[in-house]
Amino acid sequence: MKTKINILTLFIFLFSTQYLSAQTVDIKSGSNWAIQFKDEGSFGSIKLRNGIPNPYTMKIYSFDEKLYFNGALVGSGLEDNDWTINSNNMYSNVTGFVGVKKNNPGFTLDVGGDINFDGALYLNGISGTAGQVLTSNGSGDATWTTTTTTDAVGFFAVLKTNQEFPTGQENKLDGLTETYDDGNNFNNGTGEFKAPVGGLYHFDVKVGYSNTNAVVNSVVTYIAIKVNNSTPKGLKFKKRVSTGPASGEAVMFSTNVKLNINDKVTFHFFSPNVSNLYIDWGNTDRASSVSGFKIN
């Protein structure tokens, strides 16, 4: 009991008065101090001698400049360097996944609950513009996309000049003049339509043929609609055409196509290897044209 009273008296002496000069008091075990009390004027401290007691059960001790209790690190010693504090920022050092209410996270950040935030949502550093929404391409990637109503999707364009398409091969209808393009989804220069939203679309294609010098009978040609540079089944229409100096013939193809957002549609035709067989353009009733609109 005498030892406890003496220690309490020492604490009161060292730390309860602000008028004493700074001093250090050692409590010794043999010839070496075991605990060191420091009165440093405005505050005080306790220093433990470095070493591991035996046994260490239910004991506080200092070892290798770290504080332990009952054999376990305490205070800053509980940190295992998974997080780094840099000024006002903190970041994770782990190379695996981080889980919040998830014992076995499967993603870089895996949250087992609701997420709430008050600021902007960014994707690759971009917050999008007014009216845009995040849309997925079905392969794990998302983009900011401007929403477009069904009524605003539609176009009509005609071949604007008497182009000399290569014969004996498939050609893409391009170099067109737009009559209208609601939603601005059709590129008249390249002849490419890009679906602004997923859904069912309707397309009409007409290719007019004429011959100013001789009669051409039963020449095989076809029209093909390609989606992302490939022709799905049912989107190729073959026909025989006959033309002459006083008449011509148009091949027409209409179809419905199910598209995903950002699918690209182009319109193609086969130009037969026949001399003086022209592709009609302009205002004739056989003028080559393409059109389309979203059904639903």
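At 17% relative accessibility, Thr 135 counts as buried (under 20% relative accessible area; exposed is over 50% and partly exposed lies in between, with a 1.4 Å probe and protein chains only). The model is predicted, so local features need pLDDT of at least 70 and side-chain atom pairs count only at pLDDT 80 or more, whereas totals for chains, interfaces and linings use all residues. Residues are numbered from 1 along each chain as its sequence is written, and side-chain values use heavy atoms, with hydrogens and water left out.

Thr 135 belongs to strand β11, residues 132–136 (helices, H or I of at least four residues, and strands, E of at least two, are DSSP runs numbered from the N terminus). Its side chain makes a polar contact of 2.7 Å with the side chain of Thr 145. A polar contact is a pair of N or O atoms within 3.5 Å; within protein, one must be able to donate a hydrogen and the other to accept it, and residues adjacent in sequence count only if both atoms are side-chain atoms. When residues up to four places away in sequence are not counted, Thr 135 touches Asp 141, Ala 142, Thr 143, Thr 145 and Ile 261 (contact meaning heavy atoms within 4.5 Å).

Strands β2 (residues 32–39) and β3 (residues 44–48) pair in the antiparallel sense over five bridges, pairing being assigned if DSSP finds at least two bridges between two strands. Ile 35 has Leu 48 in β3 as its bridge partner. Four residues separate the strands of this hairpin, in which Gly 41 takes a positive phi near 85°.

Side chains of opposite charge can pair when their charged atoms come close. A salt bridge is a side-chain nitrogen of Lys or Arg within 4 Å of a carboxyl oxygen of Asp or Glu, and the count by this rule is five. In one of these, Glu 249 and Lys 239 meet at 3.3 Å, N to O. Glu 249 lies in strand β21 (residues 248–259) and Lys 239 in strand β20 (residues 236–243), so the pair ties together parts that are ten residues apart in sequence. Glu 249 is partly exposed at 22%, and Lys 239 is partly exposed at 30%.

A network of salt bridges links Asp 280, Asp 285 and Arg 286. The closest N and O atoms are 2.6 Å apart for Asp 280 and Arg 286, and 3.7 Å apart for Asp 285 and Arg 286. Asp 280 is buried, with a relative accessible area of 8%; Arg 286 is partly exposed at 22%, and Asp 285 is exposed at 62%.

The whole structure holds 13 aromatic pairs. Rings of Phe, Tyr and Trp (its six-membered ring) pair if their centres lie within 6.5 Å; planes under 30 degrees apart count as stacked, over 60 as edge-to-face and the rest as tilted. The ring centres of Tyr 56 and Tyr 61 are 6.3 Å apart with planes at 45°, so this pair is tilted. Tyr 56 is partly exposed at 39%, while Tyr 61 is buried at 7%. For Phe 193 and Phe 203, a centre distance of 5.6 Å and planes at 70° make the pair edge-to-face. This pair links distant parts of the chain, with Phe 193 in strand β17 (residues 192–194) and Phe 203 in strand β18 (residues 199–211), ten residues apart. Both Phe 193 and Phe 203 are buried. One aromatic cluster is formed by Phe 155, Phe 186, Phe 193, Tyr 201, Phe 203 and Phe 267.
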